[in-house]
Amino acid sequence: MKLTYALIPALSLALAFALHLPLPGASDALSRIPRALHARLAHSLAQKGGTPDARLPLGLLLLVTLAAGAFAGALPAAVQAALCAPALSALALLPPSAAVKRELDSGALAHDTAAYEARVRETCAVLAPSFVCDGAAPLLLCALGAPLRLSVALVWAYAALRALCPENEPAVRAVTLLLRPSDAVLRALLLLCAPLAGRSPFRTEGRRAKERLMSILSLDEGDADGHAPVAGDVTQAVFLCCLSLALLCALLGLVLLAAVG
């Protein structure tokens, strides 16, 4: 494996910032492609043999996606990183989160404390699950496929599965299985970053990344050390999630560099 292929996860994350920050709707537009292809395959199979098993069109979609991604493995590392970047769609939440922060700072909810606090909690609560599904998971698959130049194939297959959730039950089961290690990895990285938020990792709780992030921010309603939610918590949540992805890229790069050596 060439040395540059060890940088694919980091390049993908950098390019994802360049894509999803100015174009937060790009992820929704791109997800229509696997949905349309899946619908076409299901329609074709239904015409030939009645109602097919739900797993058959999904399997064909994954086969096509993996094949196309495998051919992309012959492309330069930078191009492969660009092809993986759209799957890191968790970053599409950053512009809406910034908009919520501006709204809260403007005083629009200053006279409704309950609505203000609920808005902060809701905004922070969706970040960690999204960064698990559409951040850590594709990065881990990207690194897993790098030694065999299958980064694009694995990331595209995962993106296809994500696009079909939650309507397709087999896709939901596959994604749920893949998310378990991703959630554990992000939870560990959030703990590593907790001191930057002024919180000791040993004073936080939660089995999942979402619960752990809320605990780090002291937004867990059952936390004795908790505080009233403020707009700054949104900034901290975004910072911790983004920093965790950056650390993940650094760690994956080191592992891949060691594999090269």
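This is a predicted model: local features need pLDDT of at least 70, side-chain atom pairs count only at pLDDT 80 or more; totals for chains, interfaces and linings use all residues.
1. Now have a look at helix α6 (residues 113-125) and helix α10 (residues 209-216). Their axes sit 10 Å apart, and the packing angle is about 135°. That makes α6 oblique to α10, because angles over 145 degrees would be needed to count as roughly antiparallel. As for handedness, α6 and α10 make a right-handed crossing.

2. Which residues do the touching here? On the α6 side you'll find Arg121, Cys124 and Ala125, and they meet Lys210, Leu213 and Met214 of α10. Sorted by type, the residues of this α6 and α10 contact come out as 4 nonpolar and 2 charged, with no polar ones.

3. Next, the largest pocket. The space in it comes to about 750 Å³. Its lining is made up of 27 residues, and those nearest the centre of the pocket are Ser27, Leu30, Ser31, Pro34 and Ala159.

4. Where does that lining come from? At least two residues each are supplied by α2 (26-49), α3 (55-72), α7 (127-145) and α8 (151-164). Helix α2 gives the largest share, with 8 residues.

Note on methods:
Residues are numbered from 1 along each chain as its sequence is written. Side-chain values use heavy atoms; hydrogens and water are left out. Axes are lines fitted to C-alpha atoms, for helices over the stretch in contact, and angles run from 0 to 180 degrees between N-to-C directions. Helices (H or I, at least four residues) and strands (E, at least two) are DSSP runs, numbered from the N terminus. Angles under 35 degrees count as roughly parallel, over 145 as roughly antiparallel, 65 to 115 as roughly perpendicular and the rest as oblique. A crossing is left-handed if the near helix is turned anticlockwise from the far one by less than a right angle, and right-handed if clockwise. Contact means heavy atoms within 4.5 Å. Ala, Val, Leu, Ile, Met, Phe, Trp, Tyr, Cys and Pro count as nonpolar, Asp, Glu, Lys and Arg as charged, and the others, Gly among them, as polar. On a 1 Å grid over the protein atoms alone, a cavity is a set of points where a 1.4 Å probe fits but cannot get out, and a pocket is an open set with protein on both sides within 12 Å along at least five of seven lines; lining residues have an atom within 4 Å of a point. Grid points are joined across faces, edges and corners, and a volume is the space filled by probe spheres set on the points.
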